[in-house]
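Work through the following exercises with the sequence and the model side by side, and try each task before reading its solution.

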Amino acid sequence: MTLIHPTAIVDPKAQLHETVEVGPFSIIGPHVTIGARTKVGPHMVISGHTTIGEDNVFHGNATIGGDPQDKKYKGEPTQLLIGNRNTIREYCTFNTGTVQDLGYTKLGDDNWIMAYVHLAHDCVVGNNTIIANSVQLAGHVIIGDWVILGGLSGIHQFIRVGDHAMTAFQTKLTQDVPPFVMAAGYPAGPAGINAEGLKRRGFSPEAILNIKRAYKAIYRQGLSVDEAKSAIDDLTAAAPDDAKPHLVHMKTFLDQATRGIIR
């Protein structure tokens with residue numbers, strides 16, 4: 001039997017696995033689906049067309065699946081999709097998507113989301129991220145895998161943050177952050193690559209060295225973005241096999257950076 005506190009209000013149409021726990025005074029709406037072993041803390045509101053996977057932990061006082069904060073929203077049945085094994089701390093707000101973009105907001109697997117984080121409409125957050133206290137994501141933001149966002153960082157709408165990138169405390173992002181790059185400042189500028197994080201994740205010394213070389217081509221040699229992309233092609237041709245995919249990933253990201261990259 002689902003472990004629902006007697007003070008909680010769960011709509012009869014909601015679909016909760018029998019192992020789900022729901023804490024005191026929480027409210028769960030009719031279009032919510034929650035997977036096995038997920039724990040919903042006290043004073044939660046989970047509404048909208050929200051699908052939550054397995055083994056998630058919500059620490060309470062969060063609003064999940066609320067309407068997008070977009071004046072164009074007219075009540076369409078857009079979605080919020082949350083994967084597995086995520087930790088969501090207190091007072092977070094996650095909104096559903098809009099029909100003008102994806103139609104859904106998505107949080108992947110194994111993410112650590114700290115207190116007061118806002119995940120706006122049509123955002124996509126990958127896997128294994130750490131998003132620190134009071135980080136604010138505007139609409140249409142894409143966050144890659146293994147990203148770390150420092151506390152109080154603000155992310156402008158339509159920004160992309162590449163895999164393994166990192167922002168410092170109180171970083172303001174108005175342009176894209178390439179994969180592996182650390183960003184800091186208001187507005188943000190590049191601050192090297194996330195070498196320590198890459199070491200912890202098993203990147204070889206040769207792969208890290210080639211990522212550093214690509215970073216220098218982008219930021220330290222006075223090249224234009226197109227010239228840097230050509231330099232990365234040359235690096236890729238000469239790089240060892242385990243480094244080539246990372247260089248190709250950086251080049252692809254630059255190709256798709258419609259807002260430009262931090263400089």
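**Exercises on a predicted model**

What covers the buried residues of H3 includes H2 and helix H4 (244-255), where covering is judged by contact, that is, heavy atoms within 4.5 Å, and helices (H or I, at least four residues) and strands (E, at least two) are DSSP runs numbered from the N terminus. The model is predicted, so local features need pLDDT of at least 70 and side-chain atom pairs count only at pLDDT 80 or more, whereas totals for chains, interfaces and linings use all residues. Residues are numbered from 1 along each chain as its sequence is written, and side-chain values use heavy atoms, with hydrogens and water left out.

**Exercise 1. Determine which residues of H3 are buried and how they are arranged around its axis.**

Step 1. Next, list the buried residues of H3, which are Ala 228, Lys 229, Ala 231, Ile 232 and Thr 236; buried means under 20% relative accessible area, exposed over 50%, and partly exposed in between, with a 1.4 Å probe and protein chains only.

Step 2. Seen down the axis of H3, these buried residues fall within an arc of 160°, so they line one face of the helix, the arc being that of the directions from the helix axis to the C-beta atoms. On the other side of H3, Asp 226, Asp 234, Ala 237 and Ala 238 are exposed.

**Exercise 2. Classify the aromatic pair of Tyr 91 and Tyr 116, and then that of Tyr 215 and Tyr 219.**

Step 1. The structure holds three aromatic pairs; rings of Phe, Tyr and Trp (its six-membered ring) pair if their centres lie within 6.5 Å, and planes under 30 degrees apart count as stacked, over 60 as edge-to-face and the rest as tilted.

Step 2. Because the planes of Tyr 91 and Tyr 116 lie at 10°, with ring centres 5.1 Å apart, this pair is stacked. Tyr 91 lies in the loop between strand S13 (87-88) and strand S14 (93-95), and Tyr 116 in the loop between strand S16 (112-113) and strand S17 (118-119), so the pair ties together parts that are 25 residues apart in sequence. Tyr 91 is partly exposed, with a relative accessible area of 41%, and Tyr 116 is partly exposed at 46%.

Step 3. Tyr 215 and Tyr 219 form a tilted pair, with 5.0 Å from centre to centre and 45° between the planes. Both residues are buried, and, being four residues apart in helix H2 (residues 205-219), they are separated by about one helical turn.

**Exercise 3. Describe how the side chains of strand S9 (residues 49-52) point, and find the pairing partners of S9.**

Step 1. S9 pairs in the parallel sense with strand S6 (residues 32-34) over three bridges, and Ile 34 stands opposite Ile 52; two strands pair if DSSP finds at least two bridges between them.

Step 2. With strand S12 (residues 79-82), S9 pairs in the parallel sense over four bridges, and the bridge partner of Thr 51 in S12 is Leu 81.
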